[in-house]
Amino acid sequence: MGFFDSIKKSLFKEEKDTYLEGLGKSRNSFANKIRSLSLNFKGIDEDFLENLMEILLEADVGIHTANKILANFEKKAGKLSSKDFNSQIECLIEVMAEMYGENQTLSPDYPKVILLVGVNGNGKTTTAAKLAHMFKNEGKSVMVAAADTFRAGAMEQLDNWAKRLEIECVKGRENGDPSSVLVDACRRMKEINADVLIGDTAGRLQNKTNLMNELNKMKRVTAREIEGAPHDVLLVLDATTGQNGIEQAKVFMETAAVDGIVLTKMDGTAKGGVVLAIKDILGIPVKYIGFGERMEDLRPFDINAYLVGLCEGIVNE
Ligand SMILES: Nc1nc2c(ncn2[C@@H]2O[C@H](COP(=O)(O)OP(=O)(O)O)[C@@H](O)[C@H]2O)c(=O)[nH]1
Ligand SMILES: [Mg+2]
């Protein structure tokens, strides 16, 4: 059994189907282009590597990561020195899997405070609802804090999700101090013994110093209320922005310790290769991936499911 088959067999059907559907746009582009290289395949030569490079860049893997993938592939494929297209592609997929490494999600420890940070429009509020839904399904008691006090609609949006999820939402005053919302929420969390608190914050990038001060204060005040908090700072990135997302991430990494990435809107883009760039360049794991606007459309990130979603159809069965 080849590498691709073995990772496919390791997945649950539902997981595989969700990733196949969510990565449809990326796969239509990436897998079809690579498949078309099989027509004139004469082995790993300059032409083939050049074409591969172009396809990786079009999937928004980024030049740095694409170079690394190709270098590793050449090394591994050279040992194989096979002119069989399928086995070479299996080798390429294996290289991508090795470069990403292990999956990482959240620790199984509770109580847990999670802060969502990121630029407006990236999907923080929706992700707060999706995470709350996921924890609720796992039998955890969950609450959310609407700490994005800068947009009137933002708190209401989270409150509406909370009503649908039948969970508590701690809100503040419009233009109030986001940190004081978090303090209230942490105190409420202790009062009702909740397992998980998810804080939805505002992500203004205009002024780095302000952003840094604000994020630091939020972290400080939650740490004062609950030991070890915030347990996870998750940076929410919009996959449709591709390589720009990497630049955004660098700013947030300078201002706040980021423990993981939530990559949203994967369903709406062909730039699915950005996952590989995030891990390679930022060194931060993608912990969750968003496949749509509904509360069910979030999955813990799984590198094997991702590679199946991206590459299904390239290797002939
Ligand atoms: N297609 C798609 N849309 C999403 C996803 N996540 C969020 N959105 C949409 O992106 C828009 C902005 O999301 P929102 O949560 O308000 O972003 P925020 O400003 O960071 O809080 C909304 O219209 C969401 O429905 C996703 O995974 N897929
Ligand atoms: Mg929001």
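Q: Where is Pro-111 in this one?
A: In this predicted model, Pro-111 sits in the loop between α6 (85-100) and β1 (112-117).

Q: And what's the peptide bond from Tyr-110 to Pro-111, cis or trans?
A: That one's cis, with omega near 0°. For context, most peptide bonds are trans.

Q: What about the bond from Ala-229 to Pro-230, cis or trans?
A: Cis as well, with omega near -5°. Pro-230 belongs to the loop between α10 (208-225) and β5 (232-238).

Q: Switching to phi: what does Asp-60 have?
A: Asp-60 has a positive phi, about 65°, although it is not a glycine. Most residues other than glycine have a negative phi.

Q: Where does Asp-60 sit, and is it buried or exposed?
A: Look in the loop between α4 (46-58) and α5 (63-80). Asp-60 counts as buried because it has 27 C-beta neighbours inside 10 Å, and the cut-off for that is 20 or more.

Q: OK, and Asn-175, what's its phi?
A: Positive, about 65°, and Asn-175 is not a glycine either. You'll find Asn-175 in the loop between β3 (168-171) and α9 (178-192).

Q: Is Asn-175 buried or exposed?
A: Exposed, because Asn-175 has 10 C-beta neighbours inside 10 Å.

Q: Zooming out, how many helices and strands are there in the protein?
A: 13 helices and eight strands.

Q: How much of it is buried?
A: Buried residues make up 47% of the 317.

Terms used
Residues are numbered from 1 along each chain as its sequence is written. Chains are lettered from A and ligands numbered from 1 in the order in which they are written. This is a predicted model: local features need pLDDT of at least 70, side-chain atom pairs count only at pLDDT 80 or more; totals for chains, interfaces and linings use all residues. Helices (H or I, at least four residues) and strands (E, at least two) are DSSP runs, numbered from the N terminus. A residue is buried if 20 or more other C-beta atoms lie within 10 Å of its own, exposed if 12 or fewer, and partly exposed in between; C-beta atoms are placed from the backbone.
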